[in-house]
Amino acid sequence: MASNGIESMQLAEDQIKILEENFTRVSKHPDESTLMLIAAESGLTEEETAKWFRLRNARWRQAEGLPAQLGSVKD
């Protein structure tokens, strides 16, 4: 079974470091201009960067005990 997670993106260690630093220090939900800057800094396309943030947010929400999908917490 193929994984569609972050691991399947095959990123270099320095790219992961840049993405993780921006995730923790800048924003978990970067706007378009911030996403463009992060993409340029990491050498990824904006689409790849946006995908990484979507997947990383899902992982973060699960770790926090929240639903993997963005939205309100339901009983």
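Biologist: Over which ring does the charged end of K28 sit?
Modeller: Happy to look! This is a predicted model, where local features need pLDDT of at least 70, side-chain atom pairs count only at pLDDT 80 or more, and totals for chains, interfaces and linings use all residues. Residues are numbered from 1 along each chain as its sequence is written, and side-chain values use heavy atoms, without hydrogens and water. A charge sits over a ring if NZ of Lys or CZ of Arg is within 6 Å of the ring centre and within 35 degrees of the ring normal. At 5.0 Å from the ring centre, the charged end of K28 sits over F23.

Biologist: How are the rings of F23 and W52 arranged?
Modeller: Rings of Phe, Tyr and Trp (its six-membered ring) pair if their centres lie within 6.5 Å; planes under 30 degrees apart count as stacked, over 60 as edge-to-face and the rest as tilted. Here the centres are 6.1 Å apart and the planes at 90°, so the pair is edge-to-face.

Biologist: And which kind of pair do F23 and F53 form?
Modeller: F23 lies in helix α1 and F53 in helix α3, 30 residues apart; helices are DSSP runs of H or I, at least four residues, numbered from the N terminus. Their ring centres are 6.2 Å apart with planes at 45°, so the pair is tilted.

Biologist: Are F23 and W52 buried or exposed?
Modeller: Good one! Buried means under 20% relative accessible area, exposed over 50%, partly exposed in between (1.4 Å probe, protein chains only). Both F23 and W52 are buried.

Note on methods: Helices (H or I, at least four residues) and strands (E, at least two) are DSSP runs, numbered from the N terminus.
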